[in-house]
Amino acid sequence: MHVAVLSIPSCMTVEQSQLEMLKDQGAVNNYEFSADNSLLTLYWTYLKANEEKNVSISRVVTNTGTNCIERASRAWNYYDDANTVWLE
């Protein structure tokens, strides 16, 4: 299993309907939001060797004029978290 945890800036949201469409299209196998909706976790149950997945996710601005806090995103093979790739 492969996992990507995407940071959602504090002033934005991701619409669940968009994620359901990605799931229906096979772009991701599953997804979940953190309890505070600041992180979006995407799951792929199987990828072939050297296979890449490109997923485009639109974010909607919900709070204008406030500081937008964003954390780093990361991805890894679920059973090998020692090789986590961090992205800012």
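User: What makes Cys68 count as buried, partly exposed or exposed?

Analyst: A quick note on the source: this is a predicted model, where local features need pLDDT of at least 70, side-chain atom pairs count only at pLDDT 80 or more, and totals for chains, interfaces and linings use all residues. Residues are numbered from 1 along each chain as its sequence is written, and side-chain values use heavy atoms, with hydrogens and water left out. Now the label: buried means under 20% relative accessible area, exposed over 50%, and partly exposed in between (1.4 Å probe, protein chains only). Cys68 has 39%, so it is partly exposed.

User: And why is Cys11 called buried?

Analyst: Its relative accessibility is 7%, so Cys11 falls under the 20% limit.

User: How do you know that Cys11 and Cys68 form a disulfide?

Analyst: The rule asks for a pair of cysteine sulfur atoms within 2.5 Å. The sulfurs of Cys11 and Cys68 are 1.6 Å apart, so the pair qualifies. By that rule there is one disulfide.

User: What parts does this pair tie together?

Analyst: Cys11 sits in the loop between strand 1 (2-7) and strand 2 (12-13), and Cys68 in the loop between strand 5 (60-61) and strand 6 (73-77), so the link joins parts 57 residues apart in sequence. Strands here are DSSP runs (E, at least two residues), numbered from the N terminus.

Note on methods: Helix = DSSP H or I, 4+ residues; strand = E, 2+ residues; numbered from the N terminus.
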